[in-house]
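Let's walk through this structure together, from the way its parts are divided down to a few individual residues. Please keep the model open as you read.

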Amino acid sequence: MTDTPQEISWILRNHTVKDIGLSTELFSMKQAMTARRFHKQIPGYRMSPLQGLPNLATMFGVGGIWVKDESSRLQLNSFKVLGGSFALYRYLQKQLGLLGEDTPFAYLASDEVKEKVGNLVFASATDGNHGRGIAWAAKKLGFKCVIYVHAETSSRRIDAIKSNGAKVVIVDGNYDDAVRQVAIDAKINGWTIISDTSWDNYTEIPTWIMQGYLTMLTEAQEQFGGVGLVKPTHVFIQAGVGALAASVIGFYHALFGQDAPKCIVVEPDQAPCLFASALADDGKPHSVTGALDTIMAGLACGDPSPIAWDILKNTADAFMKVPDYVAAKGMRVYATPLNGDPFIISGESGAVTLGAFASIMQYPELVELKKALGLDETSQVLFVNSEGNTDPVHFRQIIWEGANPVPKQYWINR
Ligand SMILES: Cc1ncc(COP(=O)(O)O)c(C=O)c1O
């Protein structure tokens with residue numbers, strides 16, 4: 001592990017040959033296209049944009065910066081709905097004995113299906129975006145939904161879930177406490193849990209969720225083709241429990257094997273469970289505890305998802321943990337584009353990877369990491385803007401009022 005004056009730490013993983021067996025099994029192009037065909041049927045589905053920021057790329061000294069912009073996916077402000085909706089689809093297909101086929105969305109929403117599967121209630125814990133996606137998908141399919149949030153969840157996030165018809169239960173403690181509580185209550189009430197994190201004997205639904213995220217990557221690959229690129233050379237991906245990171249990194253390894261892009265996982269320094277797992281270096285997932293006090297609400301997770309870790313431990317090239325000001329800076333960089341670059345709305349969890357990359361390219365103290373990752377003028381770097389303005393009050397506090405400033409000693413005046 002290396003610490004810098006910026007309190008940014010990183011761990012490099014020196015795989016000689018990567019074990020990509022699990023990635024190939026779970027995240028093949030075939031799996032990805034199954035998810036894509038499902039999402040295409042959802043009314044209102046469109047590809048999210050892949051935005052190029054050529055002037056920022058020149059400023060930072062790389063060949064290209066590409067942002068898969070999920071800020072308005074299905075008008076829900078985040079990529080999360082891709083996973084939740086696909087898991088509900090798969091779950092219903094399984095109940096109906098239809099796995100292995102494509103099932104029309106309209107059929108799953110029909111009374112005939114309700115007669116066959118009964119009045120299911122879907123439940124999940126969330127730090128905001130996943131719950132909103134599940135509530136939205138359950139409502140579209142005509143099922144009830146209960147979402148557990150932790151006590152620090154902002155009222156804006158809770159309202160967004162309620163506006164999609166779900167009942168919201170507030171739990172004392174942090175996100176991990178909400179996960180544990182919903183598991184207990186679901187058993188008592190006979191609810192079906194649609195969790196993005198896995199645990200012992202609960203992996204099928206979290207796997208479907210990760211596979212649902214693959215739609216985004218098939219789109220990105222198509223969009224890269226459109227600008228004459230076969231693949232990015234680097235991918236920076238943010239992580240809470242690690243499901244998003246595992247699906248992105250797993251997909252690129254399933255597709256390109258040992259020639260996959262260099263993949264860097266970024267977490268908040270207050271909730272670095274994957275970083276802690278990499279640091280322990282014993283192959284097992286490790287939790288971090290405490291308040292998980294970070295502005296990156298979507299990444300405030302102390303327990304890694306074991307199946308996600310099984311992918312990441314064998315494929316990620318580096319793990320970084322960064323303070324909140326790095327995410328806030330990323331939000332401001334997106335919101336104030338260089339002349340000619342597009343404007344991108346990015347929330348705290350969405351922007352942290354750009355902030356981390358900017359730090360690597362701008363701080364002399366991180367030059368060793370820049371070299372180790374091979375970031376130079378030939379690099380084509382992919383970011384996933386995983387959320388837009390999901391908490392408008394906090395968004396304005398950061399962008400308008402300058403909350404979470406970069407400490408003065410780290411300003412770039414060189
Ligand atoms: C906006 C956003 N980005 C990234 C993530 C991280 O996803 P995961 O928990 O799968 O690592 C989340 C999770 O909720 C999120 O809401």
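How many residues of domain 1 are in contact with domain 2? Before answering, two notes on what you are looking at. This is a predicted model, in which local features need pLDDT of at least 70 and side-chain atom pairs count only at pLDDT 80 or more, while totals for chains, interfaces and linings use all residues. Residues are numbered from 1 along each chain as its sequence is written.

The protein chain is divided into domain 1 (2-78 + 205-410) and domain 2 (81-195), with bounds that come from an automatic or database domain assignment. Their C-alpha centres lie 25 Å apart. As for the question, 35 residues of domain 1 are in contact with 27 residues of domain 2; two residues are in contact if their C-beta atoms, placed from the backbone, lie within 7 Å. On the domain 1 side, α2 (29-41), α10 (204-226) and α17 (392-399) are the elements that give two or more residues, and α10 gives the most, with 10 residues. The names of these elements follow DSSP runs numbered from the N terminus: helices are H or I runs of at least four residues, and strands are E runs of at least two. By class, this side of domain 1 has 19 nonpolar, 11 polar and 5 charged residues. Here Ala, Val, Leu, Ile, Met, Phe, Trp, Tyr, Cys and Pro count as nonpolar, Asp, Glu, Lys and Arg as charged, and the others, Gly among them, as polar.

Now follow α2 and α10 to where they meet. Two packed helices are described by the angle between their axes and the distance between the axes. The axes of α2 and α10 come within 7 Å and cross at roughly 90°, which makes α2 roughly perpendicular to α10. Axes are lines fitted to C-alpha atoms, for helices over the stretch in contact, and angles run from 0 to 180 degrees between N-to-C directions. Angles under 35 degrees count as roughly parallel, over 145 as roughly antiparallel, 65 to 115 as roughly perpendicular and the rest as oblique. From α2, the residues Gln31, Ala32, Met33, Ala35, Arg36 and His39 meet Gln211, Gly212, Leu214, Thr215, Leu217 and Thr218 of α10. This contact divides into 5 nonpolar, 6 polar and 1 charged residues. Met33, in helix α2, is partly exposed, with 13 other C-beta atoms within 10 Å. The scale calls a residue buried if 20 or more other C-beta atoms, placed from the backbone, lie within 10 Å of its own, exposed if 12 or fewer, and partly exposed in between.

Helix α14 (residues 324-335) packs against helix α15 (residues 348-362) at an angle of about 95°, with the axes 6 Å apart, so α14 is roughly perpendicular to α15. Residues making this contact include Val326, Met331 and Tyr334 of α14, and Ala351, Leu354 and Ser359 of α15. Sorted by class, the contact of α14 with α15 has 10 nonpolar, 4 polar and 2 charged residues.

Helix α15 turns up again at the ligand: α7 (129-141), α11 (243-256) and α15 each supply at least two residues of the shell around the ligand. Which of the 21 residues around the ligand come nearest? They are Gly240, Ala243, Gly298, Ser386 and Glu387, where a residue is near a molecule or strand if its C-beta atom, placed from the backbone, lies within 6 Å of it. The shell draws at least three residues from each of domain 1 and domain 2, and its residues divide into 7 nonpolar, 10 polar and 4 charged. Helix α11 gives the most, with 3 residues.

Ala243 is placed in α11. With 28 C-beta neighbours inside 10 Å, Ala243 counts as buried. Leaving aside neighbours within four places in sequence, its contacts include Asp196, Pro206 and Ala308.

Finally, let's visit two loops. Most residues other than glycine have a negative phi. Leu74, in the loop between β4 and α4 (81-96), has a positive phi of about 45° and counts as buried, with 22 C-beta neighbours inside 10 Å. Asn201, in the loop between β8 (192-193) and α10, also has a positive phi, near 65°, but counts as exposed, with 6 C-beta neighbours inside 10 Å.
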